[in-house]
Amino acid sequence: MIDVEAAKLAIEKSKTKEVVDFANDMVRDHEAVNVQALDLVKKLKVTPEDNATSQALSKAAEAERAKLAKLEGAAFDKAYVANEVAYHKQVNGALETLLIPSAENAGLKSLLETGLKIFQGHQQHAEHVAGMLK
Amino acid sequence: MKAGMLIRSLAGALALALVASPALAATIEVTIDKLVFTPANIQAKVGDTIEWVNKDAFAHTATVKGGWEVMIPPKSKRRITLKKVEAVDYFCRFHPNMKGHLDVAP
Ligand SMILES: [Cu+2]
């Protein structure tokens, strides 16, 4: 998962405690979400398919990661955290307007709703860290 | 033997306090499920214990800004005993959209 990749980059590169802590939180939570998603996929015996939304998200995230890899120090911190705010906003928008309303399976809907709360939390957390970097 | 009397009565009072307090103190359970603290508002007394039961696969915290913090790992329980009178809002540091309130009366 690409957001986990960006977090791992931040853990490696950043020297700011708040940024590294935030990145560790992202790895932990996003991996936990992924485990739950994979469990559900197994239970439902479905094959997860790429769709336009997931493709657009991963394409944007990949471009962002390439950009981040070239930055250092305070410039890296700022760009990483700003990107996390933007990324979670985008994911939350997609969950609220598209993915949750169109989910027909109750288990999937519940997982997406929990995901939305988690990611709304991450967005607020990222906004808080962004405020501290100013 | 005034000192001896004093020590004995202090010891007596202490023993009484130790015996008396567990009977009066309550344990208040707060469940965390899908990023929600339930109940969100707690009314407690000094000496009561708050136990957070985290049913999520995610780690959460109960954090008071500028105050205490309890870390509650996934699928686990954590407790604190309330030591002072306070009225505080608390939140999860990882997911600041998770909020609770605690009133501790004497
Ligand atoms: Cu939390």
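User: Is Tyr90(B) buried or exposed?
Analyst: Tyr90(B) is buried, with a relative accessible area of 1%. Keep in mind that this is a predicted model.

User: Ok. How many aromatic pairs does a search of the whole structure find?
Analyst: Over all chains, the search finds six aromatic pairs. One of them is Phe76(A) with Tyr80(A): the ring centres are 6.1 Å apart and the planes meet at 5°, so this pair is stacked.

User: Where do Phe76(A) and Tyr80(A) lie?
Analyst: Both are in helix H4 of chain A, residues 73-102, and they sit four residues apart, about one turn of the helix.

User: Which residues do ring pairs link into a cluster?
Analyst: Phe37(B), Trp52(B), Trp68(B) and Tyr90(B).

User: Switching to chain A. How many helices and strands?
Analyst: Five helices and zero strands. From the N terminus on, the order is α-α-α-α-α.

User: What about its radius of gyration?
Analyst: Chain A has 15 Å; a compact globule of 134 residues would be near 14 Å, which agrees. The C-alpha trace spans about 45 × 25 × 25 Å along its principal axes.

User: What share of chain A is buried?
Analyst: Buried residues are 40% of the 134. As for the surface, chain A exposes about 7,500 Å², with carbon and sulfur atoms supplying 58% of that.

User: And the contacts in chain A? What share join residues at least 24 apart?
Analyst: 73%, counted among contacts between residues at least 6 apart in sequence.

User: Now H3(A). What span should it have?
Analyst: Helix H3 of chain A covers residues 52-69, which is 18 residues, and at 1.5 Å a residue it should span 26 Å; the end C-alpha atoms are 26 Å apart, so the two agree.

User: Which residues of H3(A) are buried?
Analyst: Thr53(A), Leu57(A), Ala61(A), Glu64(A) and Leu68(A). Viewed down the axis of H3(A), the buried residues fall within an arc of 65°, so they line one face of the helix.

User: Why does that spacing work?
Analyst: An α-helix has 3.6 residues a turn, so residues three or four places apart point the same way.

User: What is exposed on the other side of H3(A)?
Analyst: Ala52(A), Lys59(A), Glu62(A) and Ala63(A) are exposed there.

Notes:
Residues are numbered from 1 along each chain as its sequence is written. Chains are lettered from A and ligands numbered from 1 in the order in which they are written. This is a predicted model: local features need pLDDT of at least 70, side-chain atom pairs count only at pLDDT 80 or more; totals for chains, interfaces and linings use all residues. Side-chain values use heavy atoms; hydrogens and water are left out. Helices (H or I, at least four residues) and strands (E, at least two) are DSSP runs, numbered from the N terminus. The expected span of a helix is 1.5 Å times one less than its number of residues. Buried means under 20% relative accessible area, exposed over 50%, partly exposed in between (1.4 Å probe, protein chains only). The arc is that of the directions from the helix axis to the C-beta atoms. The radius of gyration is taken over C-alpha atoms; the globule rule is 2.2 Å times the number of residues to the power 0.38. Contact means heavy atoms within 4.5 Å. Accessible areas come from the Shrake-Rupley method with a 1.4 Å probe; for residues, only the protein chains shown count as cover. Rings of Phe, Tyr and Trp (its six-membered ring) pair if their centres lie within 6.5 Å; planes under 30 degrees apart count as stacked, over 60 as edge-to-face and the rest as tilted.
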